[in-house]
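This report considers helix packing, an aromatic contact and a backbone feature. The structure is shown first.

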Amino acid sequence: MKVSTKGRYGLRAIVDLAAHESEGQVSLKSVAERQKLSENYLEQLFSSLKKSGLVKSIRGAQGGYLLSRPADKITVGDILRSLEGTLCPVECIDPDLPGSCDRADECVTADVWAKIRDKINEVVDSITLADLVSELANKTNDDYIYYI
């Protein structure tokens, strides 16, 4: 499984948002500047994050984004699945696509793919946004771009 730029940039951006949440709502412009990312691209990513209930938006001149729940209640898995969809390495073991493989009953490799899927989900669901912000705080003095 390969994580696309959506997943990588989205994770960077939401870590940045969480790291600055004490300042109140955070503008995408400020995230884009700190992370050296396109503001237009971030708008697309945050639309998905908002639709998944991970962030909420505040409209207006002083608007921006906030986490919709505490950073210790949002996992890397929540974020990646919001942006990437399923984290299955192959379609045939994707629980959202039952019956996608006509060889499922006799497939000897399905267990391998399922174990890989389960371990990926176990890892990404064990790391919270708060864990990443805490790790970030140990590495830097406000120069977030180098570590996210």
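How are α4 and α5 oriented to each other?

**Basis of the model**

This is a predicted model, in which local features need pLDDT of at least 70, side-chain atom pairs count only at pLDDT 80 or more, and totals for chains, interfaces and linings use all residues. Residues are numbered from 1 along each chain as its sequence is written, and side-chain values use heavy atoms, with hydrogens and water left out.

**Packing of α4 and α5**

Helix α4 (residues 76–84) and helix α5 (residues 110–125) pack at an angle of about 120 degrees, and their axes are 6 Å apart. The two helices are therefore oblique to each other (angles under 35 degrees count as roughly parallel, over 145 as roughly antiparallel, 65 to 115 as roughly perpendicular and the rest as oblique).

On the α4 side, V76, G77, D78, L80 and R81 meet N121, V124 and D125 of α5, contact meaning heavy atoms within 4.5 Å. These residues comprise three nonpolar, two polar and three charged.

**An aromatic pair**

Two aromatic pairs are found in a search of the whole structure. In one of them, Y9 and Y41 are edge-to-face, at 6.0 Å centre to centre and 90 degrees between the planes (ring centres within 6.5 Å; planes under 30 degrees apart count as stacked, over 60 as edge-to-face and the rest as tilted). Y9 lies in helix α1 (residues 5–19) and Y41 in helix α3 (residues 39–51), so the pair ties together parts that are 32 residues apart in sequence.

**Backbone at K36**

K36, in the loop between α2 (28–35) and α3, has a positive phi near 60 degrees although this residue is not glycine.

Conventions
Helix = DSSP H or I, 4+ residues; strand = E, 2+ residues; numbered from the N terminus. Axes fitted to C-alpha atoms, helices over the stretch in contact; angles between N-to-C directions. Nonpolar A, V, L, I, M, F, W, Y, C, P; charged D, E, K, R; others polar.
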